[in-house]
Amino acid sequence: MWKLVQSGLSVVAGTSEPEYGPDSIHPVGKNFDGPLYSELTIDDLKFVSPNHTNVETQTFYFQDDLNAGFAQIIHSNVIGLHTTAQFTFKLFKKDKPNDFIWTSTKLENFQIVNGTDFTANNLSIVLDKDNLNTYKIDSAVNKKSEVHLTVKLIGQSVKFGKDGITHYGTDIENPWGSMRHVFWPRCQVDGNIIIRDYKSGQDINYLEESEIIYEEKENLEIKNGLCMYVMALQGMKPHHAAATWDFLNYQSPNHTVVIMEFTTPPSYNRTKVSVAMVLDKEGKMILGTMNNETSHLETKTDETSGWEVPTKISYKMSDEESKIKVIVEGYLVNLCERVDVMAEIPQFVKNIVSGVAGTKPYIYQFSNEMELKIIKDDNTEVDEKGYGYSESTFITAI
């Protein structure tokens, strides 16, 4: 899920780092005496908003029987000097994901309210602070995609370790970088999305934005849909934090599986950091583990980027104590989008930095049916098919 790099901060350049070794990376949950995972408090749902280079995001991955997409806030700080905010939105048919609606809108007069809420002109994302189980999303910042969604947590929220944070640095008390993720893995989503386009007969090349007339194409109602919410913080340069990423959001009427996995570059010992959660239809955790393996079973060379892109993928999760093993596997037939991250970097960032330190970042987004198996004591208890939105991201070679 490397949506962070579309923020405008993206792959901020600089020289490559020395190889600090294994003691310079402290994966989430390492040496933590408490439970492997726990539910979120109101403090966990607050923006951290550090005053150094970082990208902080709220992302709501939603779906119903036919459609899928996401709504996202991206709050970026470049070296403590320039803060921006963006609302991005994507909508597509599950079986035809490359024919998508995409809007990315710079926000004006944005602010974080009470730590948890995000507001801007014509936008609000507000948490129900009494119950900590509902977000209301209202956005009219872009006439092409007006979004009104209510996302309600089903069952458990999840953070791994003390606070969901992986720290970078030789001194754990004074880290120089971080990566943070906290989750609502399974939610119900209801609301509507209004899609508009330019009214025919206008020559938009000669009109100011305020003069353009839009007409409604679709008012899409979402009722009893499923959603996954993740709040993330990338507190360092992306190509220093991770070389590759794999992300899965699997949803079916009966189960949810979410995996967030990244591997660091050699400077941090090529360390894999992986969290996975498997929940039933009521949102109860069946399995929460860091013992995961993502395998690109079959690949194809992308001639444009040079990366070996998966065409078949497998996600394996296990827990020795409970003797539970979970496998999600499928062919990646439907590519939603290939994102050339370097093409997304705005000019003001390019003016700040001078090079790219050998990075070649691409995000591959997929929308496919996948098979889920839950095995306990060597007996297959669940064998079903559901919807998998997945991303594989390549930043630097490892």
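Guide: A salt bridge is a side-chain nitrogen of Lys or Arg within 4 Å of a carboxyl oxygen of Asp or Glu. In this predicted model, the structure holds 7 salt bridges.

Visitor: What makes Lys-46 and Asp-43 a salt bridge?

Guide: The closest N and O atoms of Lys-46 and Asp-43 are 3.3 Å apart. The cut-off is 4 Å, and the pair therefore counts as a salt bridge.

Visitor: Why is Asp-43 called exposed, and what is Lys-46 called?

Guide: Asp-43 has a relative accessible area of 52%. Exposed means over 50%, so Asp-43 is exposed. Lys-46 has 29%; this value lies between the limits of 20% and 50%, and Lys-46 is therefore partly exposed.

Visitor: How do you know that Glu-337 and Lys-90 form a salt bridge?

Guide: Their closest N and O atoms are 2.4 Å apart, and the limit is 4 Å. Glu-337 belongs to strand β23 (residues 335–340) and Lys-90 to strand β5 (residues 82–93), so this pair ties together parts that are 247 residues apart in sequence.

Visitor: Why is Lys-90 called buried?

Guide: The relative accessible area of Lys-90 is 0%. Buried means under 20%, so Lys-90 is buried.

Visitor: What makes Asp-117 and Lys-129 a salt bridge, and where do the two residues lie?

Guide: The closest N and O atoms of Asp-117 and Lys-129 are 2.6 Å apart, and the limit is 4 Å. Asp-117 is in strand β8 (residues 117–120). Lys-129 is in the loop between β9 (123–127) and β10 (134–139), 12 residues apart from Asp-117.

Visitor: Are Asp-117 and Lys-129 buried, partly exposed or exposed?

Guide: Asp-117 has a relative accessible area of 6%; the limit for buried is under 20%, so Asp-117 is buried. Lys-129 has 32% relative accessibility, which lies between 20% and 50%, and Lys-129 therefore counts as partly exposed.

Visitor: Why does Asp-203 count as partly exposed, and where is its place?

Guide: Asp-203 has 40% relative accessibility; this lies between 20% and 50%, so Asp-203 counts as partly exposed. Its place is in the loop between β14 and β15 (214–234).

Visitor: What makes a group of residues a nonpolar core, and which residues have the most contacts inside the largest one?

Guide: The members are buried residues of nonpolar kinds, including Phe, Trp and Ile, joined through side-chain atoms within 4.5 Å. The largest nonpolar core has 34 residues, and Phe-62, Trp-184 and Ile-193 have the most contacts inside it. Strand β14 (residues 177–198) gives the largest share of this core, 6 residues. A second, separate core has 31 residues, among them Tyr-61 and Phe-160.

Visitor: How is the protein chain divided into domains, and how much area do domain 1 and domain 2 bury between them?

Guide: Domain 1 covers 22–196 + 208–236, and domain 2 covers 238–397. The contact takes 41 residues from domain 1 and 46 residues from domain 2. Between them the domains bury about 3500 Å², 70% of it on carbon and sulfur atoms. Tyr-61, Phe-160 and Arg-186 supply 16% of the area that domain 1 buries against domain 2, more than any other three residues.

Visitor: What is the confidence in the chain, and over which residues does pLDDT stay under 50?

Guide: The mean pLDDT of the protein chain is 91, and 92% of its residues reach 70 or more. However, pLDDT stays under 50 over residues 1–13 and over residues 347–356.

Methods. Residues numbered from 1 in each chain as written. Predicted model: local features only at pLDDT ≥ 70, side-chain atom pairs only at ≥ 80, totals over all residues. Heavy atoms only, no water. Buried < 20%, exposed > 50% of the residue type's maximum accessible area, 1.4 Å probe, protein only. Helix = DSSP H or I, 4+ residues; strand = E, 2+ residues; numbered from the N terminus. pLDDT = per-residue confidence, 0-100. Contact = heavy atoms within 4.5 Å. Domains from an automatic or database assignment. Buried area = accessible area lost by both parts, 1.4 Å probe.
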